[in-house]
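Please describe the strand pairing and the aromatic ring pairs in this structure.

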Amino acid sequence: MKQSYFSDENFENKDFTQYSFEKSEYENCTFRNCNFEYSNLSGVSFSDCEFIGCNLSMAKLVKTAFHDVIFKECKMFGLQFNDCNPFGLSFRFDGSALNNSVFYQTSIKKTVFKDSKLIEVDFAECDLSNAVFSNCDLSGAVFDNTNLEKADFRTSVNYSIDPALNKLKKAKFSLSEIYGLLYKLDIEIDKNS
């Protein structure tokens, strides 16, 4: 069965939970207010696409390809990004909620997470070098043997990162959130001095 190809298409207010999402290549397409919840996106390729206000929670991503994809104000709970096609994997997140998603062992250098909720996201063994976490909530996010070299956390909150278990060379942090790096030492930090 030959895969279809879509280029420069706009998909708006589509509910892909009602019918099967076509296994295709999508290039320079926009998906606006679409529902992909629990959809099977396995084997689909997205290049230079934009998802705006979409719900992708619990979608299946086995061998899904994302190349220069932007997610704006999307709900993306429980996604297994570690199942994606690793070749050229690149995306950015703006105002999205990725709670309980998994990036285990993915290489997503220079990824931008902006104004997003990354609650209990698994970043274990990721390469997040040069990534930017701008104004994100990282409550319960897991960083274990993660490459965070030159990553920028200055405007983000609620992270807990053990410097002994992660690569942090030249990473940037704000003084107000320094506890997120020192929590394992069980010391008291006086915020009033």
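This is a predicted model: local features need pLDDT of at least 70, side-chain atom pairs count only at pLDDT 80 or more; totals for chains, interfaces and linings use all residues.

What holds strands together in general? Strands of a sheet pair through backbone hydrogen bonds, either parallel or antiparallel.

Strand 3 (residues 24–27) pairs with strand 5 (residues 45–47) in the parallel sense, over 3 bridges. Which residue stands opposite Tyr26 in strand 5? That residue is Phe46.

Now to the aromatic rings. A pair of rings is described by the distance of the centres and the angle of the planes. The model has 37 aromatic pairs. Two of them are set out here.

| Pair | Centre to centre | Angle between planes | Type |
|---|---|---|---|
| Phe31 and Phe36 | 5.7 Å | 70° | edge-to-face |
| Phe143 and Phe153 | 5.9 Å | 80° | edge-to-face |

Why is the pair of Phe143 and Phe153 edge-to-face? Its planes stand at 80°, and the label applies to angles over 60 degrees. Phe143 and Phe153 both lie in the loop between strand 11 (132–134) and helix 1 (179–182), so their pair ties together parts that are 10 residues apart in sequence.

Phe143 counts as buried, at 6% relative accessibility. Phe153 is buried too, with a relative accessible area of 0%.

Methods:
Residues are numbered from 1 along each chain as its sequence is written. Side-chain values use heavy atoms; hydrogens and water are left out. Rings of Phe, Tyr and Trp (its six-membered ring) pair if their centres lie within 6.5 Å; planes under 30 degrees apart count as stacked, over 60 as edge-to-face and the rest as tilted. Helices (H or I, at least four residues) and strands (E, at least two) are DSSP runs, numbered from the N terminus. Buried means under 20% relative accessible area, exposed over 50%, partly exposed in between (1.4 Å probe, protein chains only). Two strands pair if DSSP finds at least two bridges between them.
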